Amino acid sequence: MTATAPRPSSAAATAKDDYTSFCEGIRALTSIDLLQYKRGQMERRIRSFAQRRGESDLTVYLGLLRRDRGELEEFLDRVTINVSQLWRNPEQWTVLEREILPELIARSSAGRVRAWSAGCSYGAEAYTLAALFRQLDQRTRAEIVGTDIDRRMVERAKLGRFSDEDARSASRTVLERWFARDGDEWQASRELRALTRFEVGDLLRVQPRREAYDLVLCRNTVIYFTEDVRDALHERLVTSIRPGGYFVIGSTERVSRPRELGLVSTHPFTYRKS
Ligand SMILES: C[S@@+](CC[C@H](N)C(=O)[O-])C[C@H]1O[C@@H](n2cnc3c(N)ncnc32)[C@H](O)[C@@H]1O
C-alpha cells in the first residue's frame, strides 16, 4: 500500500515504522486495516488522539488499547468518522426522487427494488432512501441493506433514531410523514424499518453478490482510502449492480475510469451501469 505523506528525515522514518507497527497491531486486534487509508490524515488523527489521551508513543498506546476495551472503542470512534445526516446533499436526493427511483420502480422485476448503502454509518442514508421509496410508491417491495465496519454504528442504525441536527436538511412534511417525534429525536416509522436491514462488514473484504442490487450508494466513505484501494472497491461494488442499475458516490468523490467499469455518467456523481 502506498504511503501518501513523504517522510524526508530519519526521525520521521522512525515515526513511519512505529505507525506501521501500530496499524498492524490494530489489524490483529480488530481486523480493521488502517494501512489501506490515506496515511497523511489518518496518521495525524491517530497521533493527535493518542496525545490527547496522554500518550505520545504509539507502541505504548497500542498496549493500552489491547488492555482497555473502552479506550479501544473511543479510538475506533475517532478513526472511523461516522458523520452523516438524513437527506445529506439534498441535490443528490432530488435526482434520486425525481428520476432514478421512479425508473427503478417502473422496471422492477418481481415488484422488488434492492439497494445497498455501503458505508452506512448510523443509517441516515438508508432511512432517507426508504422514506423516498414509500413516498413514491406503496406497493413495490424495497430492500435496503446498510453495511458498516463500525459495530456500534450498525446497532444505532437498527434503532432508526435521529437528532434535529441529523434532520436539518429534511423537508418537514416528509419528515413528519415517515418519522415520529419521540422526545428530542425523530424515530423512523415501523414501515421504514421494515424496508431496511443493517449488517457489520468491512467493504475492503466483503465480496458482494454479482448483480444483486438496482442501486448502490457509496458516499463519503472512500475519501479516507488511498486511490488504489478506492478504485478496487469501486470496481467490486459495481459488479454487485445489475445492468441498468445506478451507482451514486459522494459529492467530493470520483470514479477513476468509469467506462472501464461499464458506467455512464447520468447526473453529477451518479452513474448508470450499461
Ligand atoms: C462519513 S460516513 C458516511 C455515511 C453515509 N454514507 C453518508 O454519506 O452520510 C463513513 C462511514 O464509512 C465507514 N467505513 C469506513 N471504512 C469502512 C470499511 N472498510 N468498511 C465499511 N465501512 C467503512 C465508517 O465507519 C463510517 O461510518
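Modeller: A backbone N or O atom of Ile149 lies 3.2 Å from a nitrogen atom of the ligand, a polar contact in the sense of a pair of N or O atoms within 3.5 Å. The model is predicted, with local features needing pLDDT of at least 70 and side-chain atom pairs pLDDT 80 or more, while totals for chains, interfaces and linings use all residues. Residues are numbered from 1 along each chain as its sequence is written, and side-chain values use heavy atoms, leaving out hydrogens and water. The side chain of Glu125 also has an N or O atom 3.2 Å from a nitrogen atom of the ligand, whereas Thr221 places a polar side-chain atom 3.4 Å from a ligand oxygen atom. Of the 610 Å² of accessible area that the ligand has on its own (Shrake-Rupley method, 1.4 Å probe), the protein covers 99%. Around the ligand there are 21 residues (each with a heavy atom within 4 Å), of which Tyr37, Ser84, Asp148, Asp202 and Asn220 come nearest. The shell divides into 7 nonpolar, 8 polar and 6 charged residues, where Asp, Glu, Lys and Arg count as charged, Ala, Val, Leu, Ile, Met, Phe, Trp, Tyr, Cys and Pro as nonpolar, and the others, Gly among them, as polar.

Notes: A polar contact is a pair of N or O atoms within 3.5 Å; within protein, one must be able to donate a hydrogen and the other to accept it, and residues adjacent in sequence count only if both atoms are side-chain atoms.
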